Amino acid sequence: MSGSKPDILWSPHHPDRYVICDSELGLYRIGPVGSSAETKAGTLPLSEETAATLLAINSDTPYMKCVAWYPKHEPECLLAVGQANGRVVLTSLGQSHNSTCKELVGKEFVPKHARQCNTLAWNPVDSNLLAAGLDKHRADFSVLIWDISSKFSPEASVASEKIRLSSVDLDSSTVVTKPLYELGQNDACLSLCWLLRDPKLLLAGMHRNLAIFDLRNTSQKTFVNTKAIQGVTVDPHFHDRVASFFEGQVAIWDLRKFEKPVLTLTEQPKPLTKVAWCPTRTGLLATLTRDSNIIRLYDMQHTPTPIGDETEPTIIERSVQPCESQIGSFAWHPSSQNRMVVVSAANRVMTDFTVFERISLAWSSTTSLMWACGRHLYDCVEDGAESVESVIEKDIATKMRQRAQSRYGHDTVQVWRNHLLAGGNDPQLKSLWYDLFYILFVDDQCAEDMELKLQGNKQSVVYSGIKNIVKTSSGTTESRRCWSGSDRQTDVPRYLSEERSLALRLCGWISRGPDIDVEIFLRTLEQEREWERAAAVALFNLDIRRAIQILNKGATAEKGDLNLNVVAMALSGYTDEKSSLWREMCSSLRLQLKNPYLCVMFAFLTSEPGAYDGVLYESSVAVRDRVAFACMFLSDAQLPRYIDKLTNEMKEAGNLEGILLTGLTKDGVDLMESYVDRTGDVQTASFCMLKGSPGDVLKDPRVQCWIENYRNLLDAWRFWHKRAEFDIHRGKLDPSSKPLAQVFVSCNFCGKSISYSCSAMPHQGRGFSQYGVSGSPTKSKVTSCPGCRKPLPRCALCLMNMGTPVSNCPGTGKSDEKVDLTRENKLAQFNNWFTWCHNCRHGGHAGHMLSWFRDHTECPVSACTCKCMQLDTTGNLVPSDSS
Amino acid sequence: MFVARSIAADHKDLIHDVSYDFHGRRMATCSSDQSVKVWDKSENGEWHCTASWKTHSGSVWRVTWAHPEFGQVLASCSFDRTAAVWEEIVGESNDKQRGLSHWIKRTTLVDSRTSVTDVKFAPKHMGLMLTTCSADGVVRIYEAPDVMNLSQWSLQHEISCKLSCSCISWNPSSSRAHPPMFAVGSDDSNVTYGGKVQIYEYNENTRKYAKAETLMTVTDAVHDIAFAPNLGRSFHVLAIATKDVRIFKLVPMRKESTSAGPTKFEVQIVAQFDNHNSQVWRVSWNITSTLLASSGDDGCVRLWKANYMDNWKCTGILKGDGSPLTSSSGQPTAMSTVVGSSVQTSQNALNGMSAGRYFFPPLDPPRAGTMYGHLLPPSSLIEHCDAEPIQPQQQALPRRHSSRALLPLPEAEGQ
């Protein structure tokens, strides 16, 4: 370590203490950040939860090159410091100056020739032994093992040495110059570590080789020539595994096969500065390169493979970035899992950091998230508690589940009610279901009064949307009507045609009849307290007085907006004079009105006839109202252009309001496609398009795809009843989707189907009915094959033939429909069903089989060991929507 | 809002994968301890391990379920260079009553010469097909021609991707308009090798898989890849876990029916998030592909959601080890000053109302007397994603205790 480059050492025995050494030694204690209310001076935040407190500083030992912490409990905080001149000094940090410590602190171990001390290592077992690795000095030894308990031996010191020493040391009794062992002659030592498998063995990274010295026989050494001689360190979990590095390359050695590294880790562009095994997990090695802010982790998966004997471990490589600044050094926490403290290269900024295990995760079909972190599993479920906000912005999966449960889409009579079933808070869905309602409603009416002569198939016209209806418009009459309630002639032309009034009916403005009468609609709006909208509709019908009346009503109603009166006042001042002050003020001030309907009212009044952009392109006004307005006031030339433009806009945005324009046509499917693309709401798409039958839209592969996807969703949620209901609903509207019979049972003897009601063999059926026991002519029992009259199989339990009712159940046998079928009764009916196991093909009455398997696991037939009831795991799942 | 709770997994080493079955009632986990565990959800919502067995002679990387219409079938892949197919059978004893089930190995797929890094079943409409990818860059597609006999698998396709493969994902679309398609990701970290995500599509004419697209912009190592459930959409969405979270949209170009060759896609990047500030490890879609969860080396699980404008946004952060997630700014002094500030409280309420936040509505302190007070989740697990100063309400909760109690400390376990 150079003087400026910091290093960290964890205390071997205090999991909350560590030492930072750069130019001095600083002892820190790490603790939770919130433990003391007042922030003490000198507390440094390490992470969001932890902070360090400086306990002691020791600057007695200048020119520090390396530090090693005494491994035993007592004395604590005893450190060996290797200096630039090769001396090793024992020093202490902290307050505990007990007797043993006092003796040792200040002791110095001096080599014969001064040169840099590169590394220090305490023997983990015989803690009196301290190995020091030094630079080369001619033929001198470079690995010195000192005994810290040895006393000063004056006879060993040479005179010249003594002079040199005495100049520095006043108390020469603390100076030791005679090492216990001298190793590595004529070489340099760069790194050292004691081997954990045998404390007499010392591994040293020498100048050009790695050497293992045995203290029992110092004359011999095992060595291997390599460049990777820096930072030798033993894996604490696997004592034969050693890591060392050179430049940017890490070599992993197996001491049992010391000839070559078992593994070389990918080379880094910059030289490494530190390599350390994780003390809390096997096979995890952390490395740090110079001038870098990331720590690279190598997770060694050591697994034998079945193919061949070569066990080459796989490496999972990871990089972590504990902090923004460049890292000077790091140290693993000795006991806390995967935790380390990192110190920056400059300014001694420390970070407490935990390396997280990689988390794997998965969503379930019911929107719960499971993840695995390390060895733990976490189940994360959506909380059932509902708050107001969450209802509005729920995920579509949750919405669809809730809607499926509230039977959304199934109201076929009051179709508009479906938006209430969907929760009633989505304006687009509201608009969609009203559109569909009006389409079906108008369609019914058209079917009733055939005098409404629409060309072609009437169904297709109503279903084809306003876009197509207005295209076919012909015989438009233009009229100039008076403002009702005023005798003034208006110069506003209004257009009328059969198609236009059909469009207005689809918009819901008018009902059947030759007149354009919006009064019913207005009253509905008033009931709904949509005052502004009602007023606007009244105004568009050129009834200012009615509009004012509505606004008044709105202002005086409970919780009404008094401002509506002001609007009414402004409205009453209407003048059609082009240059009046009223017109000028209204056209500029209307933009400040917050309510879009109020805004378009004045836009209408102030605009030139035929130029109604202020109304038509006010996007916050419902499409339905804008279209109705357009149908009234746009000429035959303008109207299709506007409708086309609006349709494309709606299609682009996937806005369901546009279904009014497109109808249930291919255009409508296009629009729905962009809605589905945007929201994923296949439920609405499926139900909506089903309404289009019998039509071509259902044959569109996209529609089929939505339906399949929706059914698949219901299945995944185990909403099997809902799926079945959906299929029934779909079968009603789209007969082509009816599935074929799933199973047919053939006679063991003649091979013909035994189903009595099968239409394919009416004669046999009738002939068989003579054998029926039941008096009911409609429901016969089938106890033998209708084809060959051979008896059918017997119930394995009651030994009665298939087709006989269960005898011990009351209410069976009486299969006439008049009996009120209570729930129990329904089940009793089911008890009569003949069931069998698909595996062993034994069976019997459902009721009998069920009661058998309540107590048994194996089939009731002798010598059959089939576990019939356990075969189907999905069958054991209960539908989650059963009420 | 989401509440996390810990389950005693009892794996002896790192869990590498979690996988739900089609119905979400069963779950499989696999681990470096070379075992797979199967979990069943009881009626009260608790997970019970019903099977645990040694599957491989190496770390098991991934485990996956087949569609239940093929039976209860699992596939696993491992560092031991094999993939295996497992089927649940009815045991000889009445283990089912004791809540245990038996799984037997139906086949071992030994074609790979290197670690098999991912295994996935093809979408159900393609039949029972299994795909593996391995570290030597080969994707293999197997088919069980007879779904009644899972011990027979034939290797149908072998596709060399030239790069070490780490993950594979099938396009789940069942629409006939979309030919079978899968994406494979590579964890090769050499950026000069170009795009690390390749998309292959089945060609009906040649009966082979051909490369349809390479996402050239993804040059860093890819750890996970996931096609979103298509749900009738006209395009495909692909989430990629690399140095950040990326969401791509693949819009098939309308092509003339006559033209052979793979579909051309218009590739759009929809979102790119480096909020994990580290390598992203996994991505997972919910069933409607409206929510994406990602996990990263920062130890956090993040949830992403798109608004109606297709703008993706982080809607929640959950810390992976269950420990409290505090504000990234880490200003302990600031926290104490705002306690009790009513202004702050109302601000939070407003924030909670805003779009995209619905997952984690503002956590009001459990007021005395409110009946839901005790139902609140350990608020510490959940945080609004914008780095606001910590909400004072959260401070009021005894959160360190509640969350710690839920989660056993990792150190408590033996090595």
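Me: Which strand is joined to strand β7 of chain B by five bridges, and how do the two run?

Reply: In this predicted model, five bridges connect β7 (residues 73–78) of chain B with β8 (residues 83–89) of chain B, and the two strands run antiparallel. One of the pairings can be read residue by residue: L74(B) has W86(B) in β8(B) as its bridge partner. In a regular strand the side chains alternate between the two faces of the sheet.

Me: What is the order of the strands in the open sheet of chain B?

Reply: Four strands make up the open sheet, in the order β6-β7-β8-β9 (chain B), with antiparallel pairing. β6 (60–65) and β9 (102–109) of chain B stand at the edges with a single partner strand each, so one side of each lacks a neighbour in the sheet. From one strand to the next, the twist averages 25°.

Me: How many residues lie between β24(B) and β25(B) in their hairpin?

Reply: Five residues separate the two strands of this hairpin, and D310(B) in the turn has a positive phi of about 65°. Strand β24 (residues 300–306) of chain B is joined to β25(B) by seven bridges, and the strands run antiparallel. A306(B), for example, has W312(B) in β25(B) as its bridge partner.

Me: Which residues of chain B does UniProt list for "repeat: WD"?

Reply: The UniProt record, an unreviewed entry, lists residues 8–40 and 273–305 of chain B under that name. In the model, residues 8–40 of chain B are 0% helix and 55% strand, with end C-alpha atoms 14 Å apart. For residues 273–305 of chain B, the figures are 0% helix and 58% strand, with end C-alpha atoms 12 Å apart.

Me: How many salt bridges does a search of the whole structure find?

Reply: Side chains of opposite charge can pair when their charged atoms come close. Over all chains, the search finds 56 salt bridges. K553(A) and E526(A) form one of them, with the closest N and O atoms 3.2 Å apart. K553(A) lies in helix α12 (residues 544–556) of chain A and E526(A) in helix α10 (residues 519–527) of chain A, so the pair ties together parts that are 27 residues apart in sequence. K553(A) is partly exposed, at a relative accessible area of 38%, whereas E526(A) is buried, at 9%.

Me: Are D700(A) and R702(A), which meet in a salt bridge, buried or exposed?

Reply: Both are buried, and their N to O distance is 3.1 Å. They also belong to a network of salt bridges whose members include K467(A), K651(A) and E673(A). In chain B, R246(B) and D244(B) form a salt bridge with the closest N and O atoms 2.9 Å apart, and both residues are buried.

Me: Which residues touch the most other members of the largest nonpolar core?

Reply: In soluble globular proteins, nonpolar side chains tend to be buried together. Here the largest core has 115 residues, of which I466(A), W509(A), F604(A), V627(A) and M672(A) touch the most other members. Helix α6 (residues 427–448) of chain A gives the largest share of this core, nine residues.

Me: What span should the 14 residues of helix α23 of chain A have?

Reply: At 1.5 Å a residue, α23 (residues 720–733) of chain A should span 20 Å, which agrees with the 20 Å between its end C-alpha atoms. The buried residues of α23(A) include W720(A), F726(A) and H729(A).

Notes
Residues numbered from 1 in each chain as written. Chains lettered and ligands numbered in written order. Predicted model: local features only at pLDDT ≥ 70, side-chain atom pairs only at ≥ 80, totals over all residues. Heavy atoms only, no water. Pairing = 2+ DSSP bridges. Axes fitted to C-alpha atoms, helices over the stretch in contact; angles between N-to-C directions. UniProt positions renumbered as here; feature names shortened; annotations may be inferred. Salt bridge = Lys/Arg side-chain N within 4 Å of Asp/Glu carboxyl O. Buried < 20%, exposed > 50% of the residue type's maximum accessible area, 1.4 Å probe, protein only. Core = buried A, V, L, I, M, F, W, Y, C linked by side-chain atoms within 4.5 Å. Expected span 1.5 Å × (residues − 1).
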